[in-house]
Amino acid sequence: MPTRERLNEFIAAVESGDHATAIERYYTEDSSMQENGATPRVGRDALVAHERAVLARMSHVYSKAVSSVMEDDRVAIHWVFELTDKSGKVHRIDEVALQEWRGEKIFRERFFYDPSRPKA
């Protein structure tokens with residue numbers, strides 16, 4: 001179960017824009033991420049590689065946690081992301097991330113957002 005301090009550290013890491021390093025630091029080796037109803041991506045290395053590929057297509061990333069709720073090893077975070085791709089197009093993503101933590105690290109995460117506004 002994470003502490004509020006640990007969760008706040010994770011949120012600050014993501015808000016700093018260094019999403020790949022946040023995954024390396026705060027996710028278990030066997031962690032998974034799932035976009036809405038898509039097949040989960042599994043394994044921290046795969047998650048980091050995917051995140052780096054997304055970020056490589058962007059010229060600017062803004063990340064903000066609007067709110068977060070903790071209950072035992074479960075966490076919900078309301079995120080707003082604005083990703084500006086290299087052509088200048090801005091992708092705004094308003095999502096809720098549901099996380100399951102193992103101790104001080106995230107084991108499973110699923111994102112919920114409007115599917116008509118796909119992830120960048």
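The structure is a predicted model, and every value given here was computed from it.

**Helix H3 and its surroundings**

Helix H3 covers residues 44–56, and its 13 residues reach 18 Å from the first C-alpha to the last, which is close to the 18 Å expected at 1.5 Å a residue. Within H3, the residues Arg44, Leu47, Val48, Glu51 and Val54 are buried.

Between the C-alpha atoms of Ala49 and Glu9, which are 40 residues apart along the chain, the separation is 22 Å.

**Ser32 in strand S1**

Strand S1 spans residues 27–35 and contains Ser32. Ser32 counts as buried because its relative accessibility is 13%, and buried means under 20%. When neighbours within four places in sequence are left aside, Ser32 is in contact with Pro40, Arg41, Val42, Leu47, Phe107, Arg108 and Glu109. One of these contacts, Leu47, is a buried residue of H3.

**Leu98 and a nonpolar patch**

Leu98 is placed in strand S5, which runs over residues 90–102, and it is partly exposed, with a relative accessible area of 40%. Together with Val96 and Phe112, Leu98 forms a nonpolar patch on the surface, and the accessible area of these residues together is about 220 Å².

**Salt bridges**

Side chains of opposite charge can pair when their charged atoms come close. The count of salt bridges in this model comes to nine, and the table gives some of them with the distance between nitrogen and oxygen.

| Salt bridge | N to O distance |
|---|---|
| Arg6 and Glu104 | 3.7 Å |
| Lys64 and Glu15 | 3.8 Å |
| Arg108 and Glu100 | 2.7 Å |

The salt bridge between Arg6 and Glu104 links distant parts of the chain, since Arg6 is in helix H1 (residues 4–15) whereas Glu104 is in the loop between S5 and S6, 98 residues apart. Arg6 counts as buried at 14% relative accessibility, whereas Glu104 is partly exposed, with a relative accessible area of 34%. Arg6 and Glu104 are also linked with Glu9 in a network of salt bridges.

In the salt bridge between Lys64 and Glu15, Lys64 lies in strand S3 and Glu15 in helix H1, so the pair ties together parts that are 49 residues apart in sequence. Lys64 is partly exposed, with a relative accessible area of 38%, and Glu15 is partly exposed as well, with a relative accessible area of 30%.

In the salt bridge between Arg108 and Glu100, Arg108 counts as partly exposed at 40% relative accessibility, whereas Glu100 is buried, with a relative accessible area of 16%. Arg108 is also one of the residues in contact with Ser32.

Definitions and conventions. Residues are numbered from 1 along each chain as its sequence is written. This is a predicted model: local features need pLDDT of at least 70, side-chain atom pairs count only at pLDDT 80 or more; totals for chains, interfaces and linings use all residues. Side-chain values use heavy atoms; hydrogens and water are left out. Helices (H or I, at least four residues) and strands (E, at least two) are DSSP runs, numbered from the N terminus. Buried means under 20% relative accessible area, exposed over 50%, partly exposed in between (1.4 Å probe, protein chains only). Contact means heavy atoms within 4.5 Å. Patches are made of residues with over 30% relative accessible area and no salt bridge: like charges are joined within 9 Å, nonpolar side chains (Val, Leu, Ile, Met, Phe, Trp, Tyr) within 5 Å. Accessible areas come from the Shrake-Rupley method with a 1.4 Å probe; for residues, only the protein chains shown count as cover. A salt bridge is a side-chain nitrogen of Lys or Arg within 4 Å of a carboxyl oxygen of Asp or Glu. The expected span of a helix is 1.5 Å times one less than its number of residues.
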